[in-house]
Amino acid sequence: MALTQLHDHSRDTRQPVYAPFALGFRPFFLAAGLAGLALMALWLGIWTGVLTPAPYFDVINWHAHEMLFGYTAAVIAGFLLTAVRNWSGVDTLNGAPLAALAGLWLLGRTLFFVPALPAWTIAAVDLVFLPALALSLAGPIFASPNKANRVLLLLLGVMFTANALMHLQALGLTAATARPGILLMLDTVLLLILMITGRVLPFFTEAVLACSECRRSRLIELATFATLLGMLAADVGGWPRAAGLMALAAALVQLVRVAGWIKPGIGSLPILLVLYVAYAWVVVGLLLKGLADLGLLAPNLALHALTIGVIGGFTLGMMARVALGHTGRMMQSARLTNLGFVLLNLGALVRIFPPLLLPEQYSLWVVLSGLLWIGAFAAFVWVYAPVLVRARVDGKPG
């Protein structure tokens with residue numbers, strides 16, 4: 001089946017399962033929502049000196065690691081465990097095995113703060129999560145007639161490698177592999193997002209707006225992956241100028257790509273609009289990254305355009321959409337959810353542009369952006385925690 005087919009294919013032959021562990025999106029989207037709150041609150045406490053950082057990673061690397069391999073990995077797990085079931089027609093984890101996988105993810109988040117725990121134990125537990133996820137998905141993916149979906153296992157393998165690069169430096173086995181690990185994970189997540197949205201977003205737009213087909217170009221699709229892979233290779237290879245040029249090219253390609261999908265009425269549906277705003281951040285983030293890699297802009301501003309704006313925007317929007325669709329609810333976001341979308345994008349704006357104008361107030365912008373992020377995820381958890389832990393409203397399994 002095509003990647004566009006993200007609607008539910010529940011089968012009545014499934015045995016009843018405790019609702020919070022009936023399908024992968026349930027525990028992992030809830031975990032991601034709570035992590036979005038807790039990890040940012042901890043980061044703000046550490047940034048302001050109120051809290052003492054855990055000793056395993058340094059302060060910046062812990063923050064980067066947990067937002068990528070904690071929060072983002074949880075969203076990826078929930079999405080893939082749900083989507084792969086639909087694409088393949090084969091059940092993915094549910095019940096006790098799903099609870100165990102979620103527990104493994106949670107253990108990876110908490111061991112950083114356990115005093116006197118051997119460093120290798122922290123690394124081993126955290127590193128095993130992505131391979132465990134890939135192993136759980138391998139059967140359904142190989143059972144699917146669509147062989148293109150097998151690239152998902154390759155991407156999970158690359159993410160594991162990125163995580164290993166960070167842990168190798170933390171363990172003292174390498175001197176400078178954490179930053180390449182961060183860039184490798186970020187670029188791989190961007191590649192996954194663009195792969196998924198390239199199929200899902202036009203499909204969703206056509207379905208909810210009942211409009212004409214979105215314009216697609218095979219040449220633009222090839223250019224999307226060529227420029228992103230080139231940027232990834234340059235980032236990992238330590239060639240910033242090459243990475244910058246590829247990022248600028250990727251920004252132009254993505255502007256052309258998304259222009260073919262925009263239809264009248266997008267602005268009237270917040271659950272659709274948030275995804276297009278996130279796509280606008282793709283263009284802005286890649287443009288800023290290109291300028292930063294060419295030495296014309298501070299790198300951390302571009303980094304947060306891609307993390308808060310792109311990853312935050314897409315993951316929050318997709319979690320909201322998938323949770324509604326797979327619990328039998330109307331595809332209409334609540335007002336509080338819409339407020340969360342606004343707060344998240346305000347957080348991205350505050351983190352990126354005021355520091356350019358008033359850099360002497362940098363700490364203020366960091367804290368304000370973090371508080372806006374927390375507000376966005378507080379809204380998500382408030383609305384979606386009951387949705388994620390209760391059975392479907394239509395009585396179907398899943």
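1. Asp 293 counts as buried because its relative accessibility is 18%, where buried means under 20% relative accessible area, exposed over 50% and partly exposed in between, with a 1.4 Å probe and protein chains only. Salt bridges that share partners join Glu 66, Arg 109 and Asp 126 into one network, a salt bridge being a side-chain nitrogen of Lys or Arg within 4 Å of a carboxyl oxygen of Asp or Glu.

2. This is a predicted model, in which local features need pLDDT of at least 70 and side-chain atom pairs count only at pLDDT 80 or more, whereas totals for chains, interfaces and linings use all residues. Residues are numbered from 1 along each chain as its sequence is written, and side-chain values use heavy atoms, with hydrogens and water left out.

3. Asp 293 also meets Lys 289 in a salt bridge at 2.9 Å, N to O, and Lys 289 is buried, with a relative accessible area of 8%.

4. The chain has 13 helices and 0 strands, helices (H or I, at least four residues) and strands (E, at least two) being DSSP runs numbered from the N terminus. Buried residues make up 56% of the 398 residues, and the structure holds 8 salt bridges.
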